[in-house]
Amino acid sequence: MHYTKQDIDQMDKTTKIITMNSASGIKPGNLIGSISKSGITNLAIFSSVVHLGSDPALFGFILRPTGEVPRHTYENILETGYYTINHIHSSFVKNAHYTSAKLDKTDSEFNNCGLTEAYVTDYPAPFVAESNFKLGMKHKETIEIPLNGTKLVIGEVEHLIVPDDMDPSVNLDAMDSIGISGLNNYYKLHKIAEFPYVRTKDIPDFSKIKSL
Ligand SMILES: Cc1cc2nc3c(=O)[nH]c(=O)nc-3n(C[C@H](O)[C@H](O)[C@H](O)COP(=O)(O)O)c2cc1C
């Protein structure tokens with residue numbers, strides 16, 4: 001089957017959302033924790049977290065268009081300047097999914113979705129206690145994307161919290177972090193290979209190799 005731009009334009013809204021949301025392949029599953037100036041916590045699932053660089057350590061996420069729909073995570077980030085990114089594990093994937101509900105700003109998804117707030121020292125944003133891989137983020141910049149009204153929200157890592165016996169260079173398989181496709185499909189991740197840094201001279205002769 002070959003879909004042209006015209007075919008894609010003519011898809012009904014739901015089919016287009018599901019198809020295009022799945023088209024990039026597996027996305028990371030994270031919960032973003034934040035708190036309002038008045039002290040009400042917020043938690044929401046995001047699949048668009050992306051690594052932007054390691055020095056400084058920057059991550060971005062795509063925020064859907066603001067407007068009629070309030071975006072509590074972003075409002076809190078603007079109010080306090082801080083937020084957390086927490087990996088989702090299969091043990092609480094259902095709780096994580098339900099944080100996408102549009103709750104009133106006075107209601108915290110931590111309470112409503114059965115997840116626990118955790119704090120480190122005087123860091124001003126809530127982490128998810130159930131998560132084994134947590135980042136404390138300071139908001140640095142937001143880039144507007146006028147093409148569709150979304151925003152790229154960029155932050156710098158100020159805390160990296162993993163269990164004492166865990167290597168933070170991360171084996172997602174061992175950590176049981178999940179992957180997301182579309183807006184409601186969740187996957188377990190299974191590591192299948194590890195290769196060295198590639199130099200041109202090291203490329204195997206694939207014409208002689210059927211499969212590695
Ligand atoms: C699997 C999944 C992934 C999502 N990823 C994003 C995302 O990357 N960006 C976004 O703006 N909303 C995303 N959402 C929607 C938010 O979770 C939802 O709008 C939520 O209500 C935002 O909460 P807030 O208003 O408290 O910030 C996603 C929802 C689901 C179910």
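Residues are numbered from 1 along each chain as its sequence is written, and side-chain values rest on heavy atoms, with hydrogens and water left out. In this predicted model, local features need pLDDT of at least 70 and side-chain atom pairs count only at pLDDT 80 or more, whereas totals for chains, interfaces and linings use all residues.

**View 1. Residues around the ligand.** The ligand is surrounded by 20 residues (each with a heavy atom within 4 Å of it), and the closest are Ile-45, Ser-48, Ile-62, Arg-64 and Thr-73. Ten residues of this shell are nonpolar, seven polar and three charged, where Ala, Val, Leu, Ile, Met, Phe, Trp, Tyr, Cys and Pro count as nonpolar, Asp, Glu, Lys and Arg as charged, and the others, Gly among them, as polar.

View 2. A nitrogen atom of the ligand lies 2.8 Å from a backbone N or O atom of Ile-62, and a ligand nitrogen atom is 3.1 Å from a polar backbone atom of Ser-47.

View 3. Glu-156 and Lys-140 form a salt bridge (a side-chain nitrogen of Lys or Arg within 4 Å of a carboxyl oxygen of Asp or Glu), with their closest N and O atoms 3.7 Å apart. The pair, 16 residues apart, links strand β10 (residues 150–161), which holds Glu-156, to strand β9 (residues 134–145), which holds Lys-140; strands are DSSP runs (E, at least two residues) numbered from the N terminus.

Conventions. A polar contact is a pair of N or O atoms within 3.5 Å; within protein, one must be able to donate a hydrogen and the other to accept it, and residues adjacent in sequence count only if both atoms are side-chain atoms. Helices (H or I, at least four residues) and strands (E, at least two) are DSSP runs, numbered from the N terminus.
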